[in-house]
Amino acid sequence: MSERYGGSDATQRASSGPSKRQLTTLLGGCVILAAAAWIAEVDPLALFTAGAREQMVAFVAEGVPPETGREYLLGRSLREGLLWAVVETLAISVVGTTLAVALAVPLGLTSAATVTHRGPLYRNASAGRIAVGRGLYHTSRTVLSFLRSVPGIVWGFLFVTAIGLGPFAGVLALAVHNAGVLGKLYADFLEDTDPMTIEAVAGSGATRLQAVCHGMVPQVTPTIASYTLYRWECTIRSAAIFGFVGAGGVGYYLVITIQRLQYGKLSTAILAVFALVVTSDWLGSRLRTRLG
Amino acid sequence: MKNEHAARPEGKQTGHGLLFDGVTKGFGGKVAVRDVSLSLNAGERVAVIGPSGAGKTTLLRLAAGALRPDAGAVTFNGSSVTGSTTTLAYQGETLVDRRTALSNVLTGRIGALSWLRGFIEPLLPRHPEPALERLGAVGLVERADVPVKSLSAGERQRVAFARALMQDTAVVLADEPTANLDPSSRRNVIDVLDAALNGELLITVLHDVDLALKHFDRIVGMADGLVRFDTPAPAVTDDQLDSLFAAGASTPDTDAEGTGTEKESEAPVPRYV
């Protein structure tokens with residue numbers, strides 16, 4: 001019956017055309033887009049000016065074939081060469097993500113209202129305890145927002161300034177920025193758990209933290225693992241540009257070849273980043289399928 | 001099962017057993033349970049029936065100490081009920097899906113362990129024997145290592161019982177233990193629960209009236225938060241049932257309130273309060 005109703009409703013809608021409300025939404029969307037394009041100084045013709053064409057032709061002409069010299073790819077020692085930089089990018093992303101998870105877990109827990117002050121665990125809690133929990137919740141959420149709002153590359157610059165050039169600055173930059181991203185995700189998932197499952201565990205005399213551990217967390221571990229893997233894929237892409245600020249990885253080759261107008265070498269570096277991203281996406285999706 | 005345990009010595013020793021004394025509980029502006037007084041003794045098998053929204057589940061959660069009354073008191077042997085004096089057997093849906101039956105049953109004992117051990121025991125049990133014993137009591141010991149998500153609805157319900165029985169309390173409360181089950185599984189689940197109990201006071205919220213009348217000693221009929229009748233099962237009349245379900249303007253066999261089922265979570269109910 002509902003299908004039939006839905007069918008006739010759909011037909012009716014099609015015959016009467018888009019509603020006034022839909023038209024308004026569409027018009028509003030167009031106005032916002034036009035304003036955004038004006039602010040972003042969009043000029044499609046800029047791509048077709050003589051200068052732009054010339055530069056692009058020069059890049060293609062000089063970028064093909066990509067540089068494949070042994071010295072460029074492998075360098076003279078172990079920690080040199082483009083391929084090492086690719087491996088270094090991968091290493092930065094793995095260690096950086098792991099560190100991000102280590103920071104995100106406690107912050108995620110203290111940023112979930114169901115853990116700090118709301119829901120079945122706090123049904124009979126005192127007003128003071130709830131106020132403390134709420135304070136912790138807001139503080140943690142603010143910390144997470146701050147970590148997240150500073151872009152990874154800016155964190156990279158800050159850490160390079162603090163501890164000097166090198167991949168460890170990249171690791172710390174990734175860890176701090178992604179702790180903000182993952183912590184918020186974890187907190188949101190923890191707030192979206194089934195309260196009765198938590199109440200059932202709490203009802204057995206478990207403390208709040210034990211109920212979180214055995215009633216709340218296991219409900220979200222697969223989702224959390226899956227999103228963490230996805231985030232790891234993202235960190236590879238961001239780690240690829242940390243070289244711009246001297247925080248290690250393949251980005252160094254991107255920036256240096258651009259500056260020196262070595263388009264053949266730049267093409268190779270771009271291809272290397274592309275291969276890295278494709279491989280990590282493939283690996284990540286395989287692992288996530290296994291988790292699901 | 002009727003009256004089998006009614007005359008157990010515990011009943012005499014505990015005196016007044018579980019007592020609801022003028023209990024009222026509301027959520028927001030809505031009163032779920034109003035001025036309920038009941039006296040329930042050890043060994044009794046009590047079924048609470050009534051239409052959806054009658055306050056049955058709230059009554060049960062008050063008995064479990066999971067909710068505190070706005071007015072009145074719920075006491076067991078003279079002291080206020082807490083999570084450790086009564087056990088609420090939640091529905092099978094409240095088990096942690098990805099963990100094994102054994103792990104879920106082990107969570108029923110966390111309160112009795114040291115703080116640190118409480119974190120470890122459900123995952124790496126040092127003493128799985130009591131949990132295996134309870135799983136044996138509900139006929140599922142051979143399914144102990146199976147993740148709960150692979151079990152049938154009836155089996156999940158039995159695991160939930162096993163988890164509740166880990167607490168060894170004198171009062172066992174069960175909320176719609178037969179919801180979402182087919183008729184033969186319903187009888188099976190009630191039989192399993194009956195066999196697994198050992199003289200405890202059992203209070204069950206049931207929407208299956210026939211099952212309640214056939215398997216329980218005492219029937220409490222609730223509608224609109226009030227106790228409409230409280231009589232031995234054989235004394236319940238058709239007129240009483242008709243007026244009970246007419247009062248709630250609902251049919252007896254609809255899924256009832258506050259049980260944590262998915263259906264339930266769509267409704268704006270007081271579970272999150």
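Predicted model: local features only at pLDDT ≥ 70, side-chain atom pairs only at ≥ 80, totals over all residues.
**View 1. The annotated domain of chain A.** An unreviewed UniProt entry carries the annotation "domain: ABC transmembrane type-1" for residues 86-284 of chain A. Over residues 86-284, chain A is 80% helix. Strand accounts for 0%. The end C-alpha atoms of this stretch are 17 Å apart.

**View 2. A cis peptide bond in chain A.** The bond joins A:Val64 and A:Pro65. Its omega is about 0°. Most peptide bonds are trans. Where does A:Pro65 lie? A:Pro65 is in the loop between α3 (50-63) and α4 (70-74) of chain A.

**View 3. A positive phi at B:Asp168.** B:Asp168 is not a glycine, yet has a positive phi of about 50°. Most residues other than glycine have a negative phi. The loop that holds B:Asp168 runs between α6 (153-165) and β7 (171-175) of chain B. Is B:Asp168 buried or exposed? B:Asp168 has 58% relative accessibility. Exposed means over 50%, so B:Asp168 counts as exposed.

**View 4. A positive phi at B:Glu176.** Phi of B:Glu176 is near 45°. This value is positive, and the residue is other than glycine. B:Glu176 lies in the loop between β7 and α7 (183-196) of chain B. Is B:Glu176 buried or exposed? The relative accessible area of B:Glu176 is 1%. Buried means under 20%, so B:Glu176 is buried.

How values were computed: Residues numbered from 1 in each chain as written. Chains lettered and ligands numbered in written order. Heavy atoms only, no water. UniProt positions renumbered as here; feature names shortened; annotations may be inferred. Helix = DSSP H or I, 4+ residues; strand = E, 2+ residues; numbered from the N terminus. Buried < 20%, exposed > 50% of the residue type's maximum accessible area, 1.4 Å probe, protein only.
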